[in-house]
Amino acid sequence: MAQGRKVDTECRIFQEKWTSSYMFTQVNGKPVCLVCTQQVSVLKEYNIRRLYETQHGEKYNNLHGELRRQKVNEMLVGLRKQQSVFTRSQEASDATVKASYLIASEIFVKNCMLKAAEIVCPEKRQAFANISLTRNTVADRISELSADLDSQLKRKVESFLAFSVAIDESTDITDVAQLAIFICGVDETLTVTEEFLELVPMTDTTTAEDIFCSVVGVLDRVGADWSRAVSLATDGAPSMIGKKAGVVTKFREKVQAANGGGDFWTFHCILHQDALCCKSLKMDHVMEVVVRTVNFIRARGLNHHQFDSLLIDCNITHGLPYHTEVRWLSRGAVLKRFFDLRGEIGHFMDGKGKLVKELQCPLWLQDLAFMVDITEHLNNLNKMLRGRKKILKLTLWKTQMASGDPAHFPCLRDVCTASVNPDVRQYKDKISGLLREFEKRFQVFSELETELAVFRSPFTVRASDVPADMQLEIIDLKCDVELKDKFASVGLDTFY
């Protein structure tokens, strides 16, 4: 009985002409189509020709001569690139597996990494020698850095001749109250240092006692000398400023017990008080309409997208921002954008069947314009933290409004230009109310004016207005022409 044929024994050889004729090449002893990379199991011209004619002949039979050779060469180059990618990947995989065996036999991680680098990327061995890989090592280094920074802070706090503390309690997105504690101090070289001490999560209650204990714990941890504390700034919450059992009261009692009853000042956050002063304008009829309209547009995804599309059609790139009570400075941005887009907003709301009648009222638009201008002015002053400049500007604006001149209120001026018989004198009372509110809330700074004047302007202060132990030194200083010229040419920090 005849034995079966074995293809392997027929010594069939791939012929070079098949590359041009049928667009095939040989890879690892197997014929591979250059077009679809399909392999033919038996190295036989009939099989190769059949695959080419049935699947690719219609597309490539019209290529002859030089065009066909170019196409074949392009396919060969592409196939070799593809093979090289897989080859490198396989080599890298093999090297990684080999490295893993070596690492498994080592005790120390550093030696493991160096051996892996010698196999995978020997040219970068030194780079691996300079780094640490283990999580424990990285964690240890982070702990060491943290401990070093903490020790530096403790040394700095110990050098303070006087320091003040600022605390602010707010709730994060997980509804956990977070107490932020800051310290600002000055040493004997008059170097001022301001540092963030700690963020303390208040996982239970947030009473005045809880907050006070947290602050005491943090200050004791950094080694603060309570007798050198001179002031405390808070966010003005009831638990902070309560007269009988507030944090301020407890803090003052502890400090004065340590320094023998010395002066201690408490402050309410300047930016927060500015925001409260703005509420004295009593322009709720403006903010209510603005917030309601903005929320209608922004709170619904469809409305938001449609309004943005309307703005794009009008070649306007910036939309409406949200207004949040917590972010006080956002009010100015919301009002300004609402005023600038009032035409587009009115058109959009009409299309939604939500007519904003106030946008058709000249008096309401006048109030809106005033609110935009005064809020923008106050925001700019808040960013600069210039209390004295704020009072001077408000006084100027009150005088100009009394004479019917909105020179520094551009939005109000534009609305008045388009109105019939506009009256801006009514806003004089608004600005007067702001002035009274600022003077009331910032009275503590007026009380400190005399004490700070000697440092702010030592060459103009009267000697009789300073403490007796400094009067003669002030007179000597005022008579020194060289120091007087230096004071005029450099800043306070540099002079002292």
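Which residues make a nonpolar surface patch of about 270 Å²?

1. **The patch.** Phe182, Phe196 and Leu199 make it. Patch members have over 30% relative accessible area and no salt bridge, and nonpolar side chains (Val, Leu, Ile, Met, Phe, Trp, Tyr) are joined within 5 Å, like charges within 9 Å. A salt bridge puts a side-chain nitrogen of Lys or Arg within 4 Å of a carboxyl oxygen of Asp or Glu. Phe196 sits in strand β5, residues 192–202. Phe196 is partly exposed, at 41% relative accessible area. The cut-offs are under 20% for buried, over 50% for exposed and partly exposed in between, with a 1.4 Å probe and protein chains only.

2. **Basis of the model.** This is a predicted model, in which local features need pLDDT of at least 70, side-chain atom pairs count only at pLDDT 80 or more, and totals for chains, interfaces and linings use all residues. Residues are numbered from 1 along each chain as its sequence is written, and side-chain values use heavy atoms, with hydrogens and water left out.

3. **Overall make-up.** The protein has 23 helices and seven strands. These are DSSP runs, numbered from the N terminus: helices are H or I with at least four residues, strands are E with at least two. Of the 496 residues, 34% are buried. The accessible surface comes to about 30,600 Å², and 54% of that belongs to carbon and sulfur atoms. Areas come from the Shrake-Rupley method with a 1.4 Å probe; for residues, only the protein chains shown count as cover. Take contacts between residues at least 6 apart in sequence: 57% join residues at least 24 apart. Contact means heavy atoms within 4.5 Å.

4. **The five-stranded sheet.** This open sheet has the order β5-β4-β3-β6-β7, with mixed pairing. Its edge strands are β5 and β7 (265–268), each pairing on one side only. Neighbouring strands are turned by 20° against each other on average, direction ignored. Two strands pair if DSSP finds at least two bridges between them. Strand β4 (residues 177–186) pairs with β5 in the antiparallel sense, over ten bridges. Ile183 has Glu195 in β5 as its bridge partner.

5. **Helices across the sheet.** Helix α8 (residues 208–221) lies across β3 (162–171), β4 and β5, at about 130° to β5. Helix α10 (residues 247–259) lies across β3, β6 (229–234) and β7, at about 175° to β6. Axes are lines fitted to C-alpha atoms, for helices over the stretch in contact, and angles run from 0 to 180 degrees between N-to-C directions.

6. **Ser231 in the sheet.** Ser231 belongs to strand β6. It is buried, with a relative accessible area of 10%. Beyond neighbours within four places in sequence, Ser231 contacts Phe163, Ser164, Val165, Phe264, Trp265 and Phe267.

7. **The hairpin.** Strands β1 (residues 24–27) and β2 (residues 30–33) run antiparallel, joined by four bridges. Thr25 stands opposite Val32 in β2. Two residues lie between the strands of this hairpin, and Asn28 takes a positive phi near 55°.

8. **A buried helix residue.** Val294 lies in helix α12, residues 284–298. Is Val294 buried or exposed? Val294 is buried, with a relative accessible area of 2%. Not counting residues up to four places away in sequence, Val294 touches Ala299, Leu320, Pro321, Val334 and Phe338. Leu335 is 41 residues from Val294 along the chain, and their C-alpha atoms are separated by 10.0 Å.
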